[in-house]
Amino acid sequence: KLKVGILISGRGSNMAALVEAAQDPAFPAEICCVLSNRPDAKGLDFARARGIPAVVVDHKAHASKAEFEAAVIDALVAHGVDFVCLAGFMRIVSPAFIERWHNRLINIHPSLLPSYKGLHTHERAIADGVKLAGCTVHFVRAEMDAGPIVAQAAVPVVAGDTPDSLAARILTAEHRLYPLAVRLIAEGKAKITGERVEIAPGAVDETARLF
Ligand code: GAR
């Protein structure tokens, strides 16, 4: 099985979706640890309750980003992690960290990339009047919210949507998309070659059925 570590900063609902998916013995990945840069992250309690090692590496307790990231890497390695999922991890990772986990580091972002990189994605989508929004799982590259796309899910933007109502609709899709993306990668059905992810033909149909 793919040995996954999940990095969070807060609520951790995407982490919880991955943990729950991985409880199925047929799921091809196991969650080795959950790591938060914030000691008060709500998601840590969920992980502990499921018996998953929950680690805090507080960025404020480290003198530099390099030291912080070295401590994160040590903790991940100590738990046998060889693939990392960012799930609401609100620290920008350095090029050195990305290189350390080259093509073994993915992120979920609440927009249909390459639209709406960065923060306040839901407000900006509503302000623009777009009629479809969604979420993206992608391999991490040095450029923020860029990198080869693994999978996406779209949801409608409806009349009367607020940033919160749209965020909630997208989050529901995120909780389905992230486990799907990890499964495709772990099964070798989503393969990264250069700067593109190729999805095995059968798996595309599977993705379409889910959304
Ligand atoms: C999710 O919507 C995720 O896509 C977003 O933060 C939320 C975390 O929720 N990530 C980003 O905005 C990354 N720039 P969660 O902690 O409940 O998974």
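Predicted model: local features only at pLDDT ≥ 70, side-chain atom pairs only at ≥ 80, totals over all residues.
A polar contact here is a pair of N or O atoms within 3.5 Å; within protein, one must be able to donate a hydrogen and the other to accept it, and residues adjacent in sequence count only if both atoms are side-chain atoms. Numbering runs from 1 along each chain as its sequence is written, and side-chain values use heavy atoms, with hydrogens and water left out.

**Around the ligand**

- The shell (residues with a heavy atom within 4 Å of the ligand) is made up of Arg-11, Gly-12, Ser-13, Asn-14, Gly-88, Met-90, Ile-108, His-109, Pro-110, Leu-171 and Glu-174.
- By class, the shell holds four nonpolar, five polar and two charged residues; Ala, Val, Leu, Ile, Met, Phe, Trp, Tyr, Cys and Pro count as nonpolar, Asp, Glu, Lys and Arg as charged, and the others, Gly among them, as polar.
- Glu-174 brings a polar side-chain atom to 2.7 Å from an oxygen atom of the ligand.
- On its own the ligand exposes 450 Å², and the protein buries 85% of that (Shrake-Rupley areas with a 1.4 Å probe; for residues, only the protein chains shown count as cover).
- The ligand takes up the space of the largest pocket. A pocket is found on a 1 Å grid over the protein atoms alone, as an open set of points with protein on both sides within 12 Å along at least five of seven lines, and a molecule sits in it if more than half of its atoms lie within 2 Å of its grid points.
- α1 (13-22), β5 (105-109) and α6 (163-186) are the elements that give two or more residues to the shell; helices (H or I, at least four residues) and strands (E, at least two) are DSSP runs, numbered from the N terminus.

**Ser-9**

- You'll find Ser-9 in the loop between β1 (2-8) and α1.
- Ser-9 counts as buried because its relative accessibility is 8% (buried is under 20%, exposed over 50%, partly exposed in between, with a 1.4 Å probe and protein chains only).
- Its side chain also makes a polar contact with the side chain of Asn-37, at 2.7 Å.

- The Leu-113 to Pro-114 peptide bond is cis, with omega near 10°, and Pro-114 belongs to the loop between β5 and α5 (121-128).
- Asn-103 isn't a glycine, yet its phi is positive at about 60°; this residue is in the loop between α4 (95-100) and β5 and is partly exposed at 23%.
- Asp-145 also has a positive phi, near 55°. Its loop runs between β6 (132-139) and β7 (149-156), and at 11% relative accessibility Asp-145 is buried.

- Thr-193 is in strand β8 (residues 190-193) and is partly exposed at 43% relative accessibility.
- The Thr-193 side chain makes a polar contact with the side chain of Glu-198 at 3.4 Å.
- Ala-78, in helix α3 (residues 65-78), is exposed at 65% relative accessibility.
- Ala-78 and Cys-32 are 46 residues apart in sequence, with 9.8 Å between their C-alpha atoms.

Technical notes: 1 Å grid on protein atoms, 1.4 Å probe; cavity = no way out; pocket = protein on both sides within 12 Å on 5 of 7 lines; lining within 4 Å.
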